[in-house]
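Please keep the sequence and the model at hand while reading.

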Amino acid sequence: YEELGLDFSKETFIEYDAGCDGYDCYKMYFVNKDVDLENIKGFYTEKENSLDAVYIGGSASFVYYEPLKAYEEYGLPYCFVSSVVTRGVDKIEEYDEIIVDEVVQNIEIYNKQLENNIYSEYTVESDIKPNVIFLQLESFMDANNLIDLEYSKNPTPVFSYLKENYPSGVLTVPSVGAGTANVEFEIMTGCNLDHFSAGEYPYKTVVNKMPMESIAYLLKEEGYSSTAIHNNRASFYDRELVFTNMGYDRFVSAETMINLGYTPNGWYKDDVLFYEIFKAMEYTNETDFIYTIGVQPHGKYLEDLQGLDLEIDVMTDDEEYTPERINQFKYYVNQLYEVDLMLKELVMKLESYKEPTMLVIYGDHLPTLDLTNEDVLLKDLYNSEYVIYTNYETNLEDKNLYSYQLSSHVLQSIN
């Protein structure tokens, strides 16, 4: 520590014994939020621009990434063996009734503060019990966040409008370019994937085998009927097993949908989601919780666009963009444009819908287009965005969140 020139005073760091691996023993230090890391050398930070945790020296075996990044950083043998041997989250050693009682007491104190309207951000009319719709859009983003590109017209005008006029913020997700199921998992359960193994998909290792608490179970206790909708195969990521174990009453997948359209690269189009959402709400008598997963802007993005009639042209002055790469972006933003049109229909229908409804819209991760942090306005490839649209009045404010915080944010906003 002295070699690094660091001051490990208690005012700066909280020390935690990270245990031993058979060769060495390690300590983990959590840095206080007000410490400036810019001028501190010798650190490995978990995520760029993140002040959540800092690891000093020793093994990095407890720093896990989304699957592709994990395999790149740690290699095939470690990640493969880890995925077989280390699955899920083990019960901590210091786990007893006293510790759990302390946690419960803290929650009760927090809930009492909520009841007393100390946190006015979450104060809503108690007699409003809205439908709650999560709309998770594949590889979706505000196209205007791509720095070097210009368009013949705005590919995502509806999403841009909603961001400006409704509560929204940055949504930091655990994946880039792939790993949709892990974003889903964090949002539905509130669990942080950092606690799982390198490259692990909990859908494939845990939740496909046993029930797990989720927002669907929590809302079921409040009298909600829950539906999962996805315009892809039910077996993809074992969702037909996972959604049952997460407490959904029904799962509507591509196998049961009609009038499905296809993109030029073979994925189903998202316009069908509009019909399936309202069909689900009309089907039930209860208040609805609907988790909807789109797939249209999925890669691989076409380099040859011959024969395609695309609405939006893409231009750039950056000479590093080859004609093939420009075509990939042109294909991608035109898929965004069509998804944005579906958003317009959905919001217009909800505007006059007979029941109070909350619609939570977000992209699951950025696309597989070899982007860097310098290519996007948000300066971090792990940053997506979300919007919360309601057809009733709320006093929610803009707030940046991690994906595992989003469901709690929504639940608190509806008391």
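Rings of Phe, Tyr and Trp (its six-membered ring) pair if their centres lie within 6.5 Å; planes under 30 degrees apart count as stacked, over 60 as edge-to-face and the rest as tilted. This is a predicted model, in which local features need pLDDT of at least 70 and side-chain atom pairs count only at pLDDT 80 or more, while totals for chains, interfaces and linings use all residues. Residues are numbered from 1 along each chain as its sequence is written, and side-chain values use heavy atoms, leaving out hydrogens and water.

**Aromatic rings**

- One aromatic cluster is formed by Phe134, Tyr203, Phe243, Tyr248, Phe251, Phe289 and Tyr291.
- The whole structure holds 19 aromatic pairs.
- Phe185 and Phe196 make an edge-to-face pair, at 5.4 Å centre to centre with 90° between the planes.
- Phe185 belongs to helix 5 (residues 180–189) and Phe196 to the loop between helix 5 and helix 6 (202–205), so this pair ties together parts that are 11 residues apart in sequence; helices (H or I, at least four residues) and strands (E, at least two) are DSSP runs, numbered from the N terminus.
- Phe185 is buried at 0% relative accessibility, and Phe196 is buried at 6%; buried means under 20% relative accessible area, exposed over 50%, and partly exposed in between (1.4 Å probe, protein chains only).
- The ring centres of Phe243 and Phe251 are 4.9 Å apart and their planes stand at 90°, so this pair is edge-to-face.
- Phe243 is buried, with a relative accessible area of 1%, whereas Phe251 is partly exposed at 22%.

- Strand 10 (residues 287–293) has 7 of its 7 residues buried.
- Thr287, Phe289, Tyr291 and Ile293 cover one side of strand 10, and Asp288, Ile290 and Thr292 the other; all are buried.
- Strand 5 (residues 131–137) runs parallel to strand 10 and is joined to strand 10 by 5 bridges; two strands pair if DSSP finds at least two bridges between them.
- Within this pairing, Leu135 has Thr292 of strand 10 as its bridge partner.
- Strand 8 (residues 224–230) also pairs with strand 10 in the parallel sense, over 7 bridges.
- Ile293 in strand 10 has His230 standing opposite.

**Helix 2**

- Cys79, Ser82 and Ser83 are the buried residues of helix 2 (residues 76–85).
- Viewed down the axis of helix 2, these buried residues fall within an arc of 100°, so they line one face of the helix; the arc is that of the directions from the helix axis to the C-beta atoms.
- Pro77 and Val85 are exposed on the face of helix 2 turned away from its buried side.
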